[in-house]
Amino acid sequence: MEVCEISDAKQISYLLSVACQHPMDHEKTILQTVNPYNEDPHAKEFGITFENKLTIVKGRVLPPPVLKFNDQGKVKEFLPKVGKWNMRLKQMVKGGEVNTWACINFASDITHAAAVAFCDELAVMCVISGMNFKGDPVLPLVNAKPNHVRPFLKKHYQRFMEILRPLHKELDLLIVILPDKNGTLYGDIKRICETDLGLVSQCCLAKHVLKMKPQYLTNIALKINMKVGGRNTVLLDAVVGNLPRVSNTPTIIFGADVSHPHHGEGRSSPSIAAVVASQDWPEVTNYAGLVRPQARHEEIIQGLFNENDCGSGCISGGMIKEHLISFMRSTGHIPRRIIFYRC
């Protein structure tokens, strides 16, 4: 599998449908795949046999935590069922602010009017969900072609900033409408916005823009809220100070992993280390992330700590220190406990 590449969106949809099978259907599929190997001549030659049943492993189902939403909504607390819930009659526990925003439409089959209508509905849903979302964009919606995406984004970002800079403001959000088959366009936009422009972006596929289903609009509103510094929900146990090992003392929670380039990439491609850490306490629901390139296929995270020789001594640094400083600035507390998850 590591040398395979997904060629189109249909394959992604198929993979998702297979991965989301009911457990009983998944078991049936596995057995149908494995059983023929018992008759395989090569397996018989090496004396390999396969059981016609899956291994039984003892497990337990943990009780779901009660979620706390904003008291302004009709539903203030909610117990999830089968691992899911919706935002009906609920409001985000902390709504973020989007005072300045704009939209660029890269989908040729989405008319200007349809794109504007979608943005209006999305803004309304953000407000209903608990955000402070201003209804008018900085500039009217712009239609664009996927060609030369980098110079196009930079050009229009400058247009936005020519208006906002004299007001001492930044562009809070860029909504981007993408064609359903967009190839590398999504990745290009994310890379340019996050590394070149320092801009929060939210991409939406054309098929969802046309349908404008309330559930989709709600999901996008939740994503936007987290990106602009809001919080969608918190654990009730955290609010009432009943979270084990966290509530009784200022605690920061880390998560870290390293992703490696696949075999199709060049030898110069680095591995990427990512470390996230909670920035609030005692809720521990708001996380900041740091990313660093490192030696190819190196599993040990090299940027966690570092020391720079300054002649008379050493100055410590690294991602851990950055997160600790950010935590103290956000909460006003020095963390007294660190919980570190290494994936």
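So, the lining of the second largest pocket: seven nonpolar, seven polar and three charged residues. Here Ala, Val, Leu, Ile, Met, Phe, Trp, Tyr, Cys and Pro count as nonpolar, Asp, Glu, Lys and Arg as charged, and the others, Gly among them, as polar. That pocket holds about 440 Å³. A pocket, on a 1 Å grid over the protein atoms alone, is an open set of points where a 1.4 Å probe fits, with protein on both sides within 12 Å along at least five of seven lines, and lining residues have an atom within 4 Å of a point.

This is a predicted model, where local features need pLDDT of at least 70 and side-chain atom pairs pLDDT 80 or more, while totals for chains, interfaces and linings use all residues. Residues are numbered from 1 along each chain as its sequence is written, and side-chain values use heavy atoms, without hydrogens and water.

Helix H8 gives that second pocket the most, four residues. Helices here are DSSP runs of H or I, at least four residues, numbered from the N terminus.

H8 is also the top contributor to the largest pocket, with six residues. That one is about 760 Å³, and of its 27 lining residues, those closest to the centre are Asp 180, Asn 182, Leu 205, Lys 207 and His 208.

Now, how does H8 sit against H4? Their axes, lines fitted to C-alpha atoms over the stretch in contact, are 9 Å apart at about 65 degrees. So H4 is roughly perpendicular to H8, a label covering 65 to 115 degrees.

Technical notes. Axes fitted to C-alpha atoms, helices over the stretch in contact; angles between N-to-C directions. Helix = DSSP H or I, 4+ residues; strand = E, 2+ residues; numbered from the N terminus. Parallel < 35°, antiparallel > 145°, perpendicular 65-115°, else oblique. Points joined across faces, edges and corners; volume = space filled by probe spheres on them.
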